[in-house]
Amino acid sequence: MRVLFVDGNKYAGGAQRNFFDLVCAMQRHENVEVGVAVPTGDVFDWLTSAEVKVWPIEPVAGVAGGGWLDMFGAALGGGNVKLRTAVREFQPDLIHANALPSFAAVRQVVRGLPLIWHIRTVEHRPELYKKFVSYANGVIVGSPAIGRLVRELVPFGSLSLLASIMPGVDVKATATRAEARQRLGIADDVPVLGMVADWVPSKRHEIFLEEARLFRAKYPQARFVVVGRALAGGSYQKALQKAFADIDTVWVSDCENAAELIPAFDVLIHPPTGEAFGRAIAEAMFLGVPVVARDSAGPSDLIEDGVSGFLVPGRRSNGDFCNAAVQLVEDAALREKIVNNARVRVAKLLSTETMAQQTFATYERLLRQADGARSRRPSSSNDDD
């Protein structure tokens, strides 16, 4: 079975990390041959290093600058020729499109092949999901939270194939706590709270920084770390840096792999509401760093409150993140329990092997459906030419 993966986003965020882990897991599957079409950039380089067959395409309109355009007009621009080249040379049995912009663009360029749409978020333009889901031969949702939202948006019976498959997260510690702190210029004996998220308002960095002020009142020597790409010219980041200049914070915007810095944290704080999954949460749980996250959507699927982390209700800063972090810093037994339970939980939920098996089973179902549909109608030529 030949599968061509397509992702039109040139920037490497959490969704692209999940995409990369999926591609590598499927490449290890004995019954799958993998090809990938992505823009040149970090993901392209990762895949090349992993010895995956990669074709360069242009970034998809709507994601190239981090913003969303009207998906009805989404296109690959000059990249349509490059994508057609990848399809012609690789001859896939199906195409696996990562996220809505890539799915919308691929659908305009490629005809006659089964197409899977991998939904990793429904934060933007949910009305478009109702429209585009009818165009997919199959849909994979990347977390139970996404699955619940998709089922609310999509009329019953309109999906011929819907599979809920948790990402397999393949995280290996590349730095010790001491090494990560040395890189950040932080002493080993001070408490550190950290946050990992791109600099966009929906990530709610201001809540992290407000809670950091409260934490600093108890631990004046505490340090704070924010890791994330500065998007939209960095205006949001600059405004918050100015507003919270009194907090002793390390700002990191040039880190390709946050897992290299997460071990420096005593606690990871994750304040966004409505996160579909939470890659940073999963990485911290794997790496033995306890997490305090907002009680909503994806984080609630990953964390059992008080068992494998802490969940904070509400949408604003009310001191709950700070209070939970204080407990984890001061109570060594509690911290050890949380860390051990979290590692067991993510190892069970986010296995790359399980993800690969479930994804392959979805491909087989999709191809059986496609073969059945072809057998019930006259054969037609592929209109990709």
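**Group meeting: a walk through a predicted model**

Let us begin with His29, which lies in the loop between helix H1 (14-27) and strand E2 (33-38). Helices (H or I, at least four residues) and strands (E, at least two) are DSSP runs, numbered from the N terminus. This is a predicted model, in which local features need pLDDT of at least 70 and side-chain atom pairs count only at pLDDT 80 or more, while totals for chains, interfaces and linings use all residues. Residues are numbered from 1 along each chain as its sequence is written, and side-chain values use heavy atoms, with hydrogens and water left out.

Is His29 buried or exposed? His29 counts as buried because its relative accessibility is 17%, and buried means under 20% relative accessible area, exposed over 50%, and partly exposed in between (1.4 Å probe, protein chains only). Leaving aside neighbours within four places in sequence, His29 is in contact with Ala356 and Phe360, where contact means heavy atoms within 4.5 Å.

I turn next to strand E1 (residues 2-6). Of its 5 residues, 4 are buried, so E1 is largely enclosed by the rest of the structure. E1 pairs with E2 in the parallel sense over 5 bridges; two strands pair if DSSP finds at least two bridges between them. Within this pairing, Phe5 has Val36 in E2 as its bridge partner. Together, E1, H1 and E2 make a right-handed β-α-β unit. A crossover is right-handed if, with the strands pointing away from the viewer, the path from the first strand over the helix to the second runs clockwise.

E1 also pairs with strand E4 (residues 94-98), in the parallel sense and over 4 bridges. Here Val3 stands opposite Leu94 in E4. In the loop between E4 and helix H4 (100-109) we find Ala99. The phi of Ala99 is near 80 degrees, a positive value in a residue other than glycine. With a relative accessible area of 23%, Ala99 is partly exposed.

Arg204 also deserves a mention. Its place is in the loop between strand E8 (192-196) and helix H8 (205-218), and its phi is near 60 degrees, a positive value in a residue other than glycine. Arg204 counts as partly exposed, at 21% relative accessibility.

In what order do the strands of the open sheet of 6 strands run? The order is E10-E9-E8-E11-E12-E13, with parallel pairing. Strand E10 (249-252) and E13 stand at the edges with a single partner strand each, so one side of each is left without a neighbour in the sheet. From one strand to the next, the twist averages 20 degrees. E12 and E13 pair in the parallel sense over 3 bridges, and Val292 stands opposite Phe310 in E13.

Finally, consider the helices H12 and H13. The axes of helix H12 (residues 320-330) and helix H13 (residues 332-349) come within 5 Å and cross at roughly 105 degrees. H12 is therefore roughly perpendicular to H13. Axes are lines fitted to C-alpha atoms, for helices over the stretch in contact, with angles from 0 to 180 degrees between N-to-C directions; angles under 35 degrees count as roughly parallel, over 145 as roughly antiparallel, 65 to 115 as roughly perpendicular and the rest as oblique. Gln327, Leu328 and Glu330 in H12 meet Ala332, Leu334, Arg335 and Ile338 in H13. Buried residues of H12 include Phe321, Ala324 and Val326, and their cover includes E8, H8 and H13.
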